[in-house]
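Thanks for coming. Please look at the model on the screen while I go through a few of its parts.

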Amino acid sequence: MNRISRRLTFQFVAQLVLFIVVMALGALVLLVYVGLQTEKHAGPDSEGIRGLGAFRSSFTVKGGQAVVDAAWASALPERGGWLQVVSPEGRVLASSAAPADVPGQYAPGELFAYWKKKLPFPYALTVNRVEKDDKTYVVVYGEKRKAEQALQQALPAFGGRALSPAGEQALRQQQASLYIYDADGRLLHAFGESHALRPEASLGDMLGNAANARKTEAEEAVYFDPATRQTWIVRTSDGMAAEAGEGFDRMISNAFLTYFIGLAAFILLLSYVYGVRFGRPFRVMLEFIEQLASGNYAQPPRTGKEKSGDSRNRLRKPKGTFRLFREVNESLEGLRLELARSEQLRNRLEQTREEWITGVSHDLKTPLSSISGYAHVLESAPYSWSGEELQTIGRTLREKSDFMSELIEDLSLTYRLKNNALPLDRKPSDVNEVVRRAVVAFMNDPQAASYAITFSPSSSPITYPIDRKWFTRIVDNMISNAIKHNPAQTAIDIAVKDEPGRGFSVTIRDNGAGMDPKTLDRLFDRYYRGTNTEETTSGSGLGMTIAKQLTLAHGGEITVRSEPGEGTEIVLRFGGA
């Protein structure tokens, strides 16, 4: 079962690793997608062109002159901006889309003053320092701010109450809105998107709207007139940029939502696969156990392809997840075989027991009939019996009584042996002498006179702890069985042989009728009766069973070899290692 634990651990760890890998790959794809979309929708930041620091790879310096990449140069007019590459000394090495009013040479500190608005300059500047080929260059990006330009045009066009038509036209061209507030923050005049600001505005509102303008890529310019204490706010809007920003936000949100939905779907799918893969083997094993519990020990049919609704054939040749539990499957198959064998043995035992009871009943009926008949004759017939007749009647009654006693004794003996309830008084004895005495008794028996019985003792003395009475019973039963089941003139040889290192053996060999495989297989069954009850009334049908049980009780074993028409050889071995 430790192997099952290891395999299950490996399976669960593998599935966990798979889940982590899939989740990581999904996260990686999501991040790449978000990065690509961010780069695609990126606009200018607060410093001008986004990613201006990457400009180092977009210009080269040859012979002291800078050459701007054509792709960068073509993108500048679309934004209304211009670009210069300046040496640390202030000399312009390259420029693109630069207006005529932009200097071609900067004195030390001049560019810094323009950048920090210490000196008036018509353009908003973004300045970056770029390291290239171990030299330092300054990249200058300039752009006219629409809001500032619109504010400068609107200031002289306001007559105190309204804008002149020329001023309104200038604001329309710049797509700008104008808001004029008095000293108390009340709106005096508005042009353009009047809903963009409140009728009354505070400093906090102005700061908040300025921040919103930066977020939506709009521009805003603020002017305060000290004389009138009025506040002018000009704001240009970029609706497309705002819409693009909203679309970008939705796209990112949808990407994250898709990722989490896909992850949840993958978890559900993985759970379903787990349930099927690990639930099906348990279901099949439970069905098989229920089948065994109901007394059905038949083997599920093995097919090339699993039949619909029946996967129990996997128990025989497990595949897939069933292989995880192959030890359990093998144990269940072993249990099935053992239960099937037990069922067969029980049925066979029941059948032979019925046959034996029938035979024993017949054997008991015959002597009882004789005893009952003589009893009725002696009781009712007015006859004077002679002494010879009384002796004949008495001998018959005694023989029939002895036969019945033998049946009862054999039945009692076999059950005592089965339950280990027969004590043996084992003492070291001369095996040759014990066997010889048993053989001589049969040689002197008139009923065995027509059989050629011989005895071959061991060449060397054999001493072994035996119970003389029950050991003699083993030999008697073997010889008696050979006589009963073979015709007259059959040669029966009993031999004792010393087998150094293996103890000794007693062999009973005959050249009689032999046994068929069925009889040989059931020779030592307790209720199997090899003889036909019509042939003889002697014997209980338990002789070979008793002989085997007594042999095992003496620490021995029995082997039988027999072929029909070639005789039988039974070998009893004792004292082996």
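In which sense do strand S7 and strand S8 pair, and over how many bridges? Strand S7 (residues 176-181) and strand S8 (residues 187-191) are antiparallel, with 4 bridges. Strands here are DSSP runs (E, at least two residues), helices likewise (H or I, at least four), numbered from the N terminus, and two strands pair if DSSP finds at least two bridges between them.

A word on the source: this is a predicted model, where local features need pLDDT of at least 70 and side-chain atom pairs count only at pLDDT 80 or more, while totals for chains, interfaces and linings use all residues. Residues are numbered from 1 along each chain as its sequence is written, and side-chain values use heavy atoms, with hydrogens and water left out.

Back to the strands. S7 and S8 form a hairpin with 5 residues between them, and in the turn glycine 185 has a positive phi of about 90°. Across the pair, tyrosine 181 stands opposite leucine 187 in S8.

Glutamine 175 sits in the loop between helix H5 (165-173) and S7. Is glutamine 175 buried or exposed? Glutamine 175 counts as exposed because its relative accessibility is 55%; buried means under 20% relative accessible area, exposed over 50%, and partly exposed in between (1.4 Å probe, protein chains only).

Now helix H1, residues 2-41, which contains valine 17. Valine 17 is partly exposed, because its relative accessible area is 44%.
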